[in-house]
Amino acid sequence: MPLSPTDEIVGPAARARVGVGAFNVVQLEHAEAIVAGAEAAGRPVILQISENTARYHGGLEPIGLAALAVARAALVPVAVHLDHAESVDLVHEAVRLGFSSVMFDASTLPYKENLQATRDVTAYCHARDVWVEAELGEVGGKDGAHAPGVRTDPAQARDFVGATGVDALAVAVGSSHAMTTRDAVLDFALISALRDAVGVPLVLHGSSGVADAELSRAVAAGMTKVNVSTHLNKQFTRAARTYLEAHPSAVDPRKYLGPARDAVADAVAHLLGVLLGGRG
């Protein structure tokens, strides 16, 4: 199939052994900030919208179309990606709206059911030139528990990728979703083994809990797409809170959302440099 905008970003990064930042959009200010940070760093970036965020906005279309508009106006390559979709209908909607990639997450299902569901979604998306990420070995923390989850087995990962035809694989190597501290312990030997076992880029979820130096090591070991959400939300909230504490009578949301947006842009620019791993 022709290369999607996501593949045009992730493919060259995988070959160059550098990381790609994939940052979650919660509202319009996030999308603007992420792109501003990418432009400041001179690096491509991926805007991600999760199923939970679509639910928060009452549907995928309002926030999805806003992110697509921000991406089109960017001065660097920007892809828009559906993150952690468990609903096949939501995948279909993302494709219809013009997302260039989706992450279909059937990792909580038994292995054979995960494989079959992922194969079906991949066939649907590839027929429409859309890039697909899947997950094998459930990454912990979606409900707030910082459990490391089940580790992904390299042999099973190889078989899964071969059977489903996915374009990238999210793997469980020690990170956990929704961490507010950056002290996750990654299994770098497992990352290398997974890189050698599968022929597609690896994706690190739960990267907010991973320190800068460890993110660089993860990229060197074989990770390509690095997902970050909670860390950016921390910067956003801290900046908004600081402004409101200093200006308790403020009522115009632009006054505190502006600094919050700037803080996220700075964090994105910094992380994109970290993901170069000393290259570039």
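Student: Is Asn114 buried or exposed, and what is its relative accessible area?

Tutor: This is a predicted model in which local features need pLDDT of at least 70 and side-chain atom pairs count only at pLDDT 80 or more, while totals for chains, interfaces and linings use all residues. Residues are numbered from 1 along each chain as its sequence is written, and side-chain values use heavy atoms, with hydrogens and water left out. Buried means under 20% relative accessible area, exposed over 50% and partly exposed in between, computed with a 1.4 Å probe on protein chains only. Asn114 therefore counts as buried, with a relative accessible area of 2%.

Student: Which residues does Asn114 touch, not counting residues up to four places away in sequence?

Tutor: Asn114 is found in helix α6; helices (H or I, at least four residues) and strands (E, at least two) are DSSP runs numbered from the N terminus. Contact means heavy atoms within 4.5 Å. With residues up to four places away left out, Asn114 touches Ala106, Ser107, Leu109, Glu135, Leu136 and Phe160.

Student: How is the pair of Tyr111 and Phe160 classed, given the angle between their planes?

Tutor: Rings of Phe, Tyr and Trp (its six-membered ring) pair if their centres lie within 6.5 Å; planes under 30 degrees apart count as stacked, over 60 as edge-to-face and the rest as tilted. By this rule the count comes to 1 aromatic pair. The ring centres of Tyr111 and Phe160 are 6.1 Å apart and their planes stand at 55°, so the class of the pair is tilted.

Student: Why do the buried residues of α5 lie on the same side, and what arc do they cover?

Tutor: In helix α5 (residues 88-97), the buried residues are Leu90, Val91, Ala94, Val95 and Leu97. The arc is that of the directions from the helix axis to the C-beta atoms. These residues are on the same side of α5 because they cover an arc of only 165°.

Student: Which residues are exposed on the other side of α5?

Tutor: The buried residues pack against α3 (51-56), α4 (60-72), β3 (78-85), β4 (101-104) and α6 (111-126). On the other side of α5, the exposed residues are Asp89 and Arg96.

Student: In what order do the strands of the barrel close?

Tutor: Two strands pair if DSSP finds at least two bridges between them. The barrel has 8 strands with parallel pairing, closing in the order β1-β2-β3-β4-β5-β6-β7-β8.

Student: With which residues is His30 in contact, leaving aside its neighbours within four places in sequence?

Tutor: His30 is found in helix α2 (residues 28-41). At 3% relative accessibility, His30 counts as buried. Leaving aside those neighbours, its contacts are Asn24, Val25, Asn233 and Phe236.

Student: What distance separates the C-alpha atoms of Val18 and Val274?

Tutor: Val18 has its place in the loop between α1 (5-16) and β1 (20-24), and is buried at 8% relative accessible area. Val18 and Val274 are 256 residues apart along the chain, and their C-alpha atoms are separated by 9.6 Å.
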